[in-house]
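This report describes how the parts of one model pack together. Please look over the sequence and the structure before reading on.

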Amino acid sequence: MKENITGFNSKEAAAYFGISPDTLRFYERKGVIPPIRRDKNGYRIFTDVEMNWLYIALSLKQAGLSLEKITEFVHLTLHQSQNNNVAQKEILREQLEELEAKVTDLRETKKILQWQLNNFDKYLSWINNLEAKENQNKWKKFKKDSNS
C-alpha cells in the first residue's frame, strides 16, 4: 500500500523551478533525477528530498553539465562509495575547467568589443566607405595579426 505523502505535485514542482511538468517526467525517465515517490493515488509527489534532487540537477545543468554527466553524477550519488565520491569530484572539476576556459574566451571577446566600441567613431567613416577604400585590404591584416 502506498503511504500518504505530502509535498508538491508535478505541476507545482515544475512551476517552482520554471520548467514544464514534461521536463520533470523526462528527467525522471532519463535518470537525471532519481525515481519520484508516488502518493497513495500513484501521483508523483515532490517532498524536500525530491525538490533537493531537482535543485541539484538544475544547478548542474546551469553550470553546463550535459544531461548524461548529470545522470552519471546522480547514479554515483545513489550508489555511494569512496570511489564514487572521487568520480563525482572529477565530473565537477572537469566542468569547472571547461567554464574557466569559457570565461577566458569571454574576457578576450570583451576586450575586442571594448576596443571596437572605443574606436568606433574613428573607424566609422572607413567602414561606411569600404568600396572607396577597397585597396586597403584590412582583412589581410587580420589574418597576419591573428597568426602572430
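Helices (H or I, at least four residues) and strands (E, at least two) are DSSP runs, numbered from the N terminus. The model is predicted, so local features need pLDDT of at least 70 and side-chain atom pairs count only at pLDDT 80 or more, while totals for chains, interfaces and linings use all residues. Residues are numbered from 1 along each chain as its sequence is written, and side-chain values use heavy atoms, with hydrogens and water left out.

Trp 53 lies in helix 3. Buried means under 20% relative accessible area, exposed over 50% and partly exposed in between (1.4 Å probe, protein chains only). Contact means heavy atoms within 4.5 Å. Glu 50 is also placed in helix 3.

Trp 53 and Ile 33 are 20 residues apart in sequence, yet their C-alpha atoms are 6.1 Å apart in space. Ile 33 in turn touches Leu 24, Tyr 27, Glu 28, Trp 53, Leu 54 and Ala 57, again not counting residues up to four places away in sequence.

A nonpolar core is a set of buried Ala, Val, Leu, Ile, Met, Phe, Trp, Tyr and Cys residues joined through side-chain atoms within 4.5 Å. The largest one here has 20 residues, and those touching the most other members are Leu 24, Tyr 27, Ile 33, Phe 46, Leu 54 and Ile 70. At least two residues of this core come from each of helix 1 (10-17), helix 2 (21-30), helix 3 (48-62) and helix 4 (67-78). Helix 3 gives the largest share, six residues.

The axes of helix 3 and helix 4 come within 9 Å and cross at roughly 140°; axes are lines fitted to C-alpha atoms, for helices over the stretch in contact, and angles run from 0 to 180 degrees between N-to-C directions. Helix 3 is therefore oblique to helix 4, as angles under 35 degrees count as roughly parallel, over 145 as roughly antiparallel, 65 to 115 as roughly perpendicular and the rest as oblique. Trp 53 and Ile 56 of helix 3 are among the residues making the contact, as are Ile 70 and Phe 73 of helix 4.

Helix 5 has buried residues Asn 84, Gln 88, Ile 91 and Gln 95. Helix 4 is included in what covers them.
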